Amino acid sequence: MRAFLAQLLTDSEGRSDELAILAILGVLTFIGLEIFTVVIRHQLFAPEQFGVGLGSTLAATSVGMGIKSRCGG
């Protein structure tokens with residue numbers, strides 16, 4: 001498990017990849033806030049809004065990683 005996380009959070013040269021760290025933290029925060037909304041605040045789960053929000057987060061991450069790879073970052 002530790003090796004898998006290390007591969008997710010580092011680039012091919014073994015340096016930490018800040019964009020990957022921010023993306024993982026962003027997705028985990030997004031999911032955590034959705035759980036908080038449903039469990040603590042007793043609001044209904046809105047799958048459409050969740051899907052749009054999570055999809056936007058993943059799309060922005062993909063665009064950022066693509067730009068980083070093209071610019072040699």
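Thr61 lies in helix α3, helices being DSSP runs of H or I with at least four residues, numbered from the N terminus. The model is predicted, so local features need pLDDT of at least 70 and side-chain atom pairs count only at pLDDT 80 or more, whereas totals for chains, interfaces and linings use all residues. Residues are numbered from 1 along each chain as its sequence is written, and side-chain values use heavy atoms, without hydrogens and water.

Thr61 is buried, its relative accessible area being 16%; buried means under 20%, exposed over 50% and partly exposed in between, with a 1.4 Å probe and protein chains only. Apart from neighbours within four places in sequence, Thr61 contacts Leu19 and Ala23, a contact being heavy atoms within 4.5 Å.

Helix α2 comprises residues 18-39.

| Class in α2 | Residues |
|---|---|
| Buried | Ala20, Ala23, Val27, Glu34, Thr37 |
| Exposed, on the other side | Leu22, Leu28, Leu33 |

Viewed down the axis of α2, the buried residues fall within an arc of 135°, so they line one face of the helix; the arc is taken from the directions from the helix axis to the C-beta atoms. The cover over these buried residues includes α1 (2-9) and α3 (47-70).

The axes of α2 and α3 come within 10 Å and cross at roughly 175°. These axes are lines fitted to C-alpha atoms over the stretch in contact, with angles from 0 to 180 degrees between N-to-C directions. The two helices are therefore roughly antiparallel, the term for angles over 145 degrees. Among the contact residues are Phe30 and Ile31 of α2 and Phe50 and Met65 of α3.

Definitions and conventions:
The expected span of a helix is 1.5 Å times one less than its number of residues. Angles under 35 degrees count as roughly parallel, over 145 as roughly antiparallel, 65 to 115 as roughly perpendicular and the rest as oblique.
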